[in-house]
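Let's take a friendly walk through this structure, from its ligand surroundings to a few backbone details. Here it is to look at alongside the text.

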Amino acid sequence: MKSKYVVLLVVSVIAILAMVWLSGSINERRAEKVALSETPQIDGEDQYRSDEWKRYYPRQYSSWLKTKESGEIHDLLKEYPQLPILWAGYGFAKDYNAPRGHYYALQSNTNSLRTGAPKDMKTGPMPTACWTCKSPDVGKIIERDGELEYFTGKWSKYGAEIKNSVGCANCHDNETSELRINVQYVNRGLKAAGLESFEESTHQQKRSLACATCHSEYYFKKTMWEDKDGTEKKAAVVTFPWHYGLTSEGMEKYYDEVGHTDFKNKISNAPILKAQHPGYEMHLTGIHGQKGVSCADCHMPFTQEGAVKYSDHQLQSPLNTMDRSCMTCHRESESALKAIVYEKYERKTQLHIIAMDNLAKAHLETGKAMEVGATDAELKAIRQDIRTGQWKWDYAVASHGSFFHAPEETLRNLAMGNEYAMNARLKLVSLLAKYGVMNYSAPDFDDKAVSQKLAGLNFDKMVEAKLQFKRTLEKEWNKQAVENNVWNQDAYKGVDNETAYSKNVNGIHVKK
Ligand code: HEC
Ligand code: HEC
Ligand code: HEC
Ligand code: HEC
């Protein structure tokens, strides 16, 4: 009897001790959680430098810094030499690479041959709007100068002031650390589409909308305005074309209605729309988007470190983190699931290449028709087919991940893009015949250098001008940014080394 009570007593004491220990551990976790949501106290100007956030959020910072590991250049013009033909007369024909980690976003923009070789604060060729998706510093400038002043002028205007790559202040409030957006055009786009603003959206929606700021389709809307001295100025304002919905058809209708064209193709004179990267819009149409899975669920999986759970800020291919990104919901083996993803990529690539080939031939055949005397009136419907076809093809692939995010919508747009290209080519056969040209076959475009020549580009000259810019004006920008405490150069070691046109642009120029 007695011993029974002793056992009971001992068991109770053990249970009580265990509970005390457990509650202590829970309190510890609570404390950890509180520490995470504690007001970070990062002052106004300092918030734009991600290294200033490090002392409050070392795990988020160090994982963010790891986006540096994805720095390799993958030259897409080399992989797909059709592209310089499709984009003849537009910057993308000069230089176009697959996306790299966020660490490089700003430098990729500065290094790209697309942004040319400015000589001072007024030379272009690109507008200030180009910085918008590259840096948190944009929020600072908009607050200081006003949105319309920010969107006025050439990108070189802010070369010494916009220096930090996509970072904490793009997505987080510096006082509460809550998710936020620091540009207004997102809410204007959501409103145009009849959707709730960022602030009114649910927490799960914000985990995607934080990416939609940049991974979306947009154009630069020409806007006339008067500054406070009454001087008339022209701004190019980043605008989401979502007024008729978030589909390729809705956006094309909007662009047609406002008479927007990004450029006239130099070979065919077709009025072309360049898709940016409708990643958010495509994602919404896929099964994961429809089931409410957010971008962060796959690209920023939770990571456990001792008692601390945090979001992995190394935004990258989720195929590198499948155990944390996919296996939380899926039951098949990682290798089986990966094989399904690769198969989707292969299917997309097959149609992708067919559509590009036909579009490139349509441009070149139109060029031939112009050469032998076809009139603009005769070419009108053909150029319209090319415009629609190229838009659908570009819309399908420009966001890079769409083959997985939304395979059906990707293949549908590619098939329709190809259909329009084929319609143009059929019309061209009879038009060329009318001018006595039979069995015309477009010149080869199976090499980047060859198709850049067909697009009228002088590659060596572009590279030389760019390297001159990097030796002079860019060095000056860097110096000023460090002096003005805008930028911590040490946090960006090695950011500058790789481009598609030259290895180690700061050391000896090695031609690639
Ligand atoms: C591209 C957007 C983006 C950037 C850039 C970014 N974050 Fe986050 N961050 C998120 C998202 C999304 C979450 C998940 C939020 C949630 O669900 O509450 C998050 C979560 C957090 C949290 C909450 C705890 C956690 O880990 O879930 C902290 C703290 C944080 N981030 C700090 C930082 C710091 C510091 C930086 C810069 C080094 C940074 N973030 C850069 C999007 C971003
Ligand atoms: C302020 C703009 C901005 C925001 C916000 C942003 N991105 Fe990006 N993202 C970019 C740019 C620009 C690049 C391309 C960088 C380069 O090529 O140098 C990129 C590249 C990427 C890549 C390719 C990385 C690689 O290693 O290949 C992924 C994946 C990605 N972003 C996902 C996201 C997700 C998910 C979110 C939201 C949590 C997000 N991004 C928010 C601008 C942004
Ligand atoms: C269900 C998981 C999942 C969701 C949700 C998701 N992605 Fe992805 N994403 C992937 C996978 C898988 C890939 C293909 C990666 C590869 O090719 O290695 C990818 C590719 C990408 C790429 C191209 C990266 C590159 O270097 O080619 C970007 C950019 C991207 N996603 C951004 C986003 C954005 C923005 C969202 C939300 C609007 C999102 N993703 C939602 C899984 C997801
Ligand atoms: C938050 C849960 C969740 C996460 C995380 C998630 N999935 Fe899914 N996935 C789903 C749901 C739900 C479906 C729809 C099918 C269903 O209801 O069973 C789905 C469907 C799929 C399909 C079949 C649909 C199609 O498009 O063919 C594939 C393949 C897939 N997921 C791959 C992945 C991969 C790869 C990852 C990681 C990069 C991932 N998923 C992450 C929930 C998730």
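## Around ligand 2

Helices α5 (105-111), α8 (168-171), α10 and α14 each contribute at least two residues to the shell around ligand 2. Among these helices, α14 provides the largest share, three residues. Keep in mind as you read that this is a predicted model.

In total, 24 residues surround ligand 2, and the closest are Ser-70, Ser-108, Cys-211, Cys-214 and His-299. Sorted by class, the shell around ligand 2 holds 13 nonpolar, nine polar and two charged residues.

## Around ligand 3

Ligand 3 is surrounded by 22 residues, with His-283, Cys-295, Cys-298, Ser-317 and Gly-401 the closest. At least two shell residues come from each of α10 (203-212), α12 (279-285), α14 (295-299) and α18 (402-405). Helix α14 gives the most to the shell around ligand 3, namely four residues. You will recall that α14 also gives the largest share of the shell around ligand 2.

The make-up of the shell around ligand 3 is eleven nonpolar, ten polar and one charged.

The loop between α13 (287-290) and α14 is where you will find Ser-294. Is Ser-294 buried or exposed? Ser-294 counts as buried because 21 other C-beta atoms lie within 10 Å, and the cut-off for a buried residue is 20 or more.

Beyond its neighbours within four places in sequence, Ser-294 is in contact with Gln-204, Arg-207 and Ser-208. For a sense of distance across the chain, take Lys-470, which is 176 residues from Ser-294 in sequence: the two C-alpha atoms are separated by 39 Å.

## The chain as a whole

The chain has 512 residues, of which 41% count as buried. It contains 22 helices and eight strands, and its C-alpha trace spans about 115 × 55 × 50 Å along the principal axes. Of the contacts with a separation of 6 or more, 70% are between residues 24 or more positions apart.

Which residues of helix α22 (residues 473-483) are buried? They are Glu-474, Trp-477 and Ala-481. Looking down the axis of α22, these buried residues fall within an arc of 55 degrees, so they line one face of the helix. The cover over the buried residues of α22 includes α5 and α21 (459-471).

## Backbone details worth a look

Most residues other than glycine have a negative phi, and most peptide bonds are trans.

Just after α22, Asn-485 takes a positive phi of about 60 degrees, although Asn-485 is not a glycine. Asn-485 sits in the loop between α22 and β7 (502-503), and it is exposed because 10 other C-beta atoms lie within 10 Å, where the cut-off for exposed is 12 or fewer. Asn-439 also has a positive phi, near 50 degrees. Asn-439 belongs to the loop between α19 (407-434) and α20 (448-454) and counts as exposed, with 7 C-beta neighbours inside 10 Å.

Finally, the peptide bond from Gly-124 to Pro-125 is cis, with omega near 10 degrees. Pro-125 is in the loop between α5 and α6 (137-145).

Methods. Residues numbered from 1 in each chain as written. Chains lettered and ligands numbered in written order. Predicted model: local features only at pLDDT ≥ 70, side-chain atom pairs only at ≥ 80, totals over all residues. Near = placed C-beta within 6 Å. Nonpolar A, V, L, I, M, F, W, Y, C, P; charged D, E, K, R; others polar. Contact = placed C-beta atoms within 7 Å. Arc of directions from axis to C-beta.
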